[in-house]
Amino acid sequence: MRPLHIALAFLVAVIWGANFVVIKLALTGFPPILLTALRFTLACLPVLFIPRPAGIGFKQLALVSTFLFTGHYIFLFVGMDQGMAPGLASIVLQCQAFLTMLFAAGMLGERPKAQQLAGAGVAAAGLVVTGSTVGLDVTWIGFILTLLAAASWAMGNVLMRRLPPTPTLPLMVWLSTVPPLPVFALSLLVEGPDRVWAALTGFGWTAGLSLLYIVCLSTLVAFGIWGMLLREYKAGVVAPFSLLVPVTGTVAAHLAFGETFGPLRLLGMALLFAGIVITILPLRRRQAAVV
């Protein structure tokens with residue numbers, strides 16, 4: 001990769017890693033379901049000048065977005081609002097990598113390789129170890145909802161595989177047109193009109209700027225850069241940079257909130273991370289030269 005593109009890939013990892021801290025800050029001013037609705041209301045505004053991707057109907061967009069965006073972010077935002085720590089969330093959410101593999105095996109008939117099965121096994125062991133620490137400074141409901149967010153993301157990944165090839169940024173913008181109305185309605189139903197109105201009229205600078213970060217940097221800028229890199233290089237070259245997201249996420253959570261990790265949780269997070277690395281990174285063929 002060209003040095004500029006390597007730097008951009010690192011920038012995306014930093015933006016997405018810090019996003020977990022920013023979400024926690026945004027939740028100080030907005031209830032989680034309303035925050036989801038606002039995110040995609042603002043993120044879909046570029047549809048005013050970006051045409052809908054060719055060959056993709058609204059039903060297809062709605063199906064993919066229901067899992068990739070609506071379920072993914074409602075579960076994540078509510079989970080973090082209910083006690084999931086941002087640093088740990090950045091690790092657990094990456095379970096989507098091996099969950100995508102499992103869903104693809106069942107829905108698309110893609111048989112996982114031994115390497116992928118081994119990675120899934122290591123990551124599952126990491127989940128068990130990490131789960132054993134829940135109840136200290138992380139709630140069970142927050143942990144489970146974050147796992148559901150990873151599962152929804154993974155299902156969205158598989159469904160998106162069925163779409164015709166299209167540039168990433170226009171696709172992300174048009175997928176963002178699906179959540180606003182139903183999620184606003186859900187927010188009014190679950191969080192209540194009074195709480196929604198109070199949030200919309202009384203949020204502070206911290207929550208407002210955090211929402212803009214989530215929309216502009218995390219959604220539009222980062223996905224736009226990521227899509228450009230995927231068009232320039234093979235997925236196997238670009239995808240490993242996503243492994244930096246939980247690293248930058250845990251560092252950001254420690255710096256922002258002083259989040260700490262005991263020995264058992266560190267072991268669980270290390271196993272999770274190792275399993276994801278094994279699942280995603282290609283191993284050299286046996287006939288390749290040994291360095």
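Is Trp 205 buried or exposed? I looked this up first in the model, which is predicted. Trp 205 has a relative accessible area of 73%.

Entry on the surroundings of Trp 205. I placed Trp 205 in helix 11, which covers residues 205-232. I then found Trp 205 in a nonpolar patch on the surface, together with Leu 42, Leu 45, Leu 209 and Leu 212. I noted about 550 Å² of accessible area for these residues together. Which helix gives the largest share of the nonpolar patch? I found that helix 11 does, with three residues.

Entry on helix 6 and helix 7. I took helix 6 as residues 114-131 and helix 7 as residues 140-160. I read that their axes come within 12 Å and cross at roughly 160 degrees. Angles over 145 degrees count as roughly antiparallel, so I wrote down helix 6 and helix 7 as roughly antiparallel to each other. I also noted that helix 6 passes helix 7 in a right-handed crossing.

Entry on helix 1 and helix 3. I took helix 1 as residues 3-26 and helix 3 as residues 58-81. How do their axes run? I noted that the axes come within 10 Å and cross at roughly 65 degrees. The range of 65 to 115 degrees counts as roughly perpendicular, and I therefore recorded helix 1 and helix 3 as roughly perpendicular to each other.

Methods:
Residues numbered from 1 in each chain as written. Predicted model: local features only at pLDDT ≥ 70, side-chain atom pairs only at ≥ 80, totals over all residues. Heavy atoms only, no water. Patch = residues over 30% accessible without salt bridge, like charges linked within 9 Å, V, L, I, M, F, W, Y side chains within 5 Å. Areas by Shrake-Rupley, 256 points an atom, 1.4 Å probe, with all protein chains shown as cover. Salt bridge = Lys/Arg side-chain N within 4 Å of Asp/Glu carboxyl O. Helix = DSSP H or I, 4+ residues; strand = E, 2+ residues; numbered from the N terminus. Buried < 20%, exposed > 50% of the residue type's maximum accessible area, 1.4 Å probe, protein only. Axes fitted to C-alpha atoms, helices over the stretch in contact; angles between N-to-C directions. Parallel < 35°, antiparallel > 145°, perpendicular 65-115°, else oblique. Left-handed = near helix turned anticlockwise from the far one by under 90°.
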